[in-house]
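Here's a quick briefing to read alongside the model on your screen. Keep the 3D view open and click on things as you go.

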Amino acid sequence: MLLEVRHVTQFHYDEPVRESVMELWMQPQKGARQRLVSFELEVDPAAQLFSYADPFGNAVYHFDVPQPHERLTIQARSAVETQAPAPLPESLDMGEWDRLRSDFVRGENFDFLRQHGFAVETEALRGFVEEKGLEAMRARDPLTAVRTLSKTIYDSFGYEAGVTDAESTIDDALLARRGVCQDFAHIMIAVCRAWGIPARYVSGYLFTDRKAGDRSDPDATHAWVEVFLPSTRWFGLDPTNNIEAGERHIAAAIGRDYNDVPPSRGVYKGEAESELAVAVSVRRARTAMTEPEFLRAASPAAARNGRRRGPVGGLTYDQQRQQQQ
């Protein structure tokens, strides 16, 4: 499937800021199942772009806008050819649990086995696992267990934007029993790691199909989970939509949790309040890309949930991040 992605991010400031420094995780990955045909990145005000590969092999772009400005616009355009992954077996033998406990598997996947950041086991999470009887899944094979976990999260949580934000913990979604893909991915990752199954956070895009039952926001970035089993290697599960990751999923970056791979992260110098607006369009390449009908405005980035970051030496920081929905 040949897909085109347009991702526009705008930061508006209520008064000029003196400088902005940004990092971006927006370039789709290159791999056996995903071929990057093209990638373009535009910044206004204009800035020189630099790039590097982070510890997980993701392409990261960064830039500095050193002059005063009241608005910062980032536009990423991609063309990606995806292929459906090989079908997974119905189940695996119980020896897969022993293979997961091998020193080689644990050593190779150390980063994706330990609790980190948002993906941590909490009392609320243990209560959820007990309530849903998920510990009984450890008596089944690991593939059946993770599939059941993904479906349980889908069935147990309502999809609703605005209940949580980019900095919400899993307890916020567990308490509300509502949230978005970022929350559901963190919950699933935390349970998998508690079971000794390597799991990683995938940031990217989804070509939404409402007829197929997708409930995630088609006008936002998306997140799902990849799980490692020795007999299958890495494969993706999307607990937001109760599907396996396939040719409609475009992976941009992988990490331990959202903090490793936010679509954008930056700092700015100044005392201004900032507001974030995002538009995402994913469509088949045979359809010409057009301007999004609107830019979805998020809550003011500097005052969301009353957690405004304070200035440090004139620098207001960690304001410029977008939740994955």
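What follows is a short tour, from the whole chain down to single residues. Bear in mind that this is a predicted model. The chain has six helices and 17 strands, and 53% of its 325 residues count as buried.

**The chain as a whole**

- Take the contacts between residues with a separation of 6 or more: 77% of them link residues 24 or more positions apart.
- Thr-221 and Gln-322 give you a pair to look up: they sit 101 residues apart in sequence, while their C-alpha atoms are 8.9 Å apart in space.

**Helix 4**

- Among the buried residues of helix 4 are Pro-142, Leu-143, Val-146, Leu-149 and Ile-153.
- What do the buried residues of helix 4 pack against? Their partners are helix 1 (95–100), helix 3 (123–131), strand 7 (158–159), helix 6 (181–194), strand 10 (222–229) and strand 11 (233–238).

**Helix 6**

- Helix 6 is one of those partners of helix 4. It has 14 residues and runs 20 Å from first C-alpha to last, close to the 20 Å expected.
- Is helix 6 largely enclosed or largely open? It is largely enclosed by the rest of the structure, because 13 of its 14 residues are buried.
- After helix 6 comes Gly-196, and its phi is positive, near 85°.

**The largest pocket**

- The largest pocket has a volume of about 590 Å³.
- Its lining takes in 24 residues, and the ones nearest the centre are Arg-33, Pro-85, Glu-226, Trp-234 and Phe-235.
- Sorted by class, that lining has 13 nonpolar, six polar and five charged residues.
- Which strand gives the largest share of the lining? That's strand 11, with three residues.
- Strand 10, strand 11 and strand 13 (249–255) each supply at least two lining residues.

- Arg-6 belongs to strand 1, residues 2–17. Buried means under 20% relative accessible area, so Arg-6, at 4%, counts as buried.
- The side chain of Arg-6 makes a polar contact of 2.2 Å with the side chain of Gln-75.
- His-7 is in strand 1 too, and with a relative accessible area of 0%, it is buried.
- A polar contact of 3.4 Å links the His-7 side chain to the side chain of Thr-9.
- Leaving out residues up to four places away in sequence, His-7 touches several others, including Met-26, Ile-74, Gln-75, Tyr-205, Thr-221 and Gln-322.

**Thr-221**

- Thr-221 is in the loop between strand 9 (199–206) and strand 10.
- Is Thr-221 buried or exposed? Its relative accessible area is 3%, so Thr-221 is buried.
- If you again skip residues up to four places away in sequence, the residues that Thr-221 touches include His-7, Cys-181, Tyr-205 and Pro-263. Gln-322, Gln-323, Gln-324 and Gln-325 are among them as well.

Technical notes
Residues numbered from 1 in each chain as written. Predicted model: local features only at pLDDT ≥ 70, side-chain atom pairs only at ≥ 80, totals over all residues. Heavy atoms only, no water. Buried < 20%, exposed > 50% of the residue type's maximum accessible area, 1.4 Å probe, protein only. Helix = DSSP H or I, 4+ residues; strand = E, 2+ residues; numbered from the N terminus. Contact = heavy atoms within 4.5 Å. 1 Å grid on protein atoms, 1.4 Å probe; cavity = no way out; pocket = protein on both sides within 12 Å on 5 of 7 lines; lining within 4 Å. Points joined across faces, edges and corners; volume = space filled by probe spheres on them. Nonpolar A, V, L, I, M, F, W, Y, C, P; charged D, E, K, R; others polar. Polar contact = N/O pair within 3.5 Å; in protein donor to acceptor, adjacent residues only side chain to side chain. Expected span 1.5 Å × (residues − 1).
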